[in-house]
Amino acid sequence: MKVAVIGGGAAGFFAALSCKAHHPGATVEILEASGKTLSKVKVSGGGRCNVTNGCESNAEFLKHYPRGTKPLKKTFSHFDRQSTIDWFESRGVSLKTESDGRMFPITDDSQTIIDCLRTQCSQLGIVVRQNHRITQLISGEDDFRLVTKDGETTYSHVIVASGGSPKKESYVWLEQLGHHIIDPVPSLFTFNIPNERKLTQLPGTGLSKATVKIQGTKLVVSGPLLITHWGMSGPAVLKLSAWGARSLYDRQYDFSIQVNWTSWDNEEQVREQLQSSLASFEKKLVVNVNPFELPKRLWIYLLDRVEIEETKRWNELGKKERNRLINVLCNDTYSVQGKTTFKEEFVTCGGVDNADVDFNTMKSRKVPGLYFAGEVLNVDGITGGFNFQAAWSTGFVAGKLGE
């Protein structure tokens, strides 16, 4: 048995390790197109590697996948979040859970995960070949021929873990084998707001909770929000981009958002909060008292946005001014024009149609002996460790080479 794993990312390494564990006598090779392996693992979570998430039940965990929820349910029944934690801990890598549910190695260093995966491969005799781009995959009666610029090599089984790509052309070699490809479009991106210079002069200003809605849709997400040099980012925006990946692509990333800057759910609650606390600061300057616990720079920006002078005292605000303030706090609107990839953590929605794969085994329904793992599939999660969990789970199950 000679097995090729195409792709040297998280799913590829995990598939290779699983394959060698389940088939100790097999020759297993990882074929990576670039000169680097595990590059996404390296940059994930700001260089700490967001391995998985603390959601304990599979049912709750699966709610975090805009695409792939139903098929992943099958895969998770074989290898889930707890399986991942146990796998790494049994190899000397302990994980910790942060307040937002994200799980990292206790070292807070992605190199810990990389070293673990590479060491395991080395100990098990798995060969890693870099700069080994596959140009064609030819399926024979009992084997596969993989074509690269250096020639052809024959394998008995192939696991495709080549990752996501923004270009449909990247999937042609899989399409030629009879697989249907869902047009890939970006997921997990930040919003560009080029026409609000005063807003983008507040980079680094963050909120622990805000609510962002895409106008004209039902898409709305609450969570941490970050103002950047180009617009908005943070978990609320990234989650929104994932859930709205295809519809925002269709709009050519030209749409409007509505922002509730407060931690309250609606305008009525904000009005009540202001009214109930007004007596304690009504004689103070509006610029100095912010009853909504917003960052100072953002508060000053919002006052300017509704033309309330900083020198005014709270008891000098008329009804119209208060209404304008409450409206901008709860229903502030911005025109988004364009997107920016979230750091180096590029994620796509689209890829190999999930209907072409048996998620109990990760085996292709089109080609015997061919398996899939990771983002090459039409599976993607929101930020928070969910994409890596899909990689670990699909990689582990694919590596079994089950029928």
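1. Helices (H or I, at least four residues) and strands (E, at least two) are DSSP runs, numbered from the N terminus.

2. A quick word on the basis: this is a predicted model, where local features need pLDDT of at least 70 and side-chain atom pairs count only at pLDDT 80 or more, while totals for chains, interfaces and linings use all residues. Residues are numbered from 1 along each chain as its sequence is written, and side-chain values use heavy atoms, leaving out hydrogens and water.

3. Which residues of α2 (residues 39-47) are buried? They are V41, S44 and G45 (buried: under 20% relative accessible area, 1.4 Å probe, protein chains only). These residues cover an arc of only 50° around the axis, which puts them on the same side of α2; the arc is that of the directions from the helix axis to the C-beta atoms.

4. Now for the rings: there are 22 aromatic pairs (Phe, Tyr or Trp rings, the six-membered one for Trp, with centres within 6.5 Å; planes under 30 degrees apart are stacked, over 60 edge-to-face, the rest tilted). F14 and F79 have ring centres 5.7 Å apart and planes at 65°, so this pair is edge-to-face. F14 lies in α1 and F79 in the loop between α4 (69-76) and α5 (81-89), so the pair ties together parts 65 residues apart in sequence.

5. F79 also stacks with F396, at 4.2 Å centre to centre and 25° between the planes. F396 lies in helix α13, so this pair ties together parts 317 residues apart in sequence.

Terms used. Buried means under 20% relative accessible area, exposed over 50%, partly exposed in between (1.4 Å probe, protein chains only).
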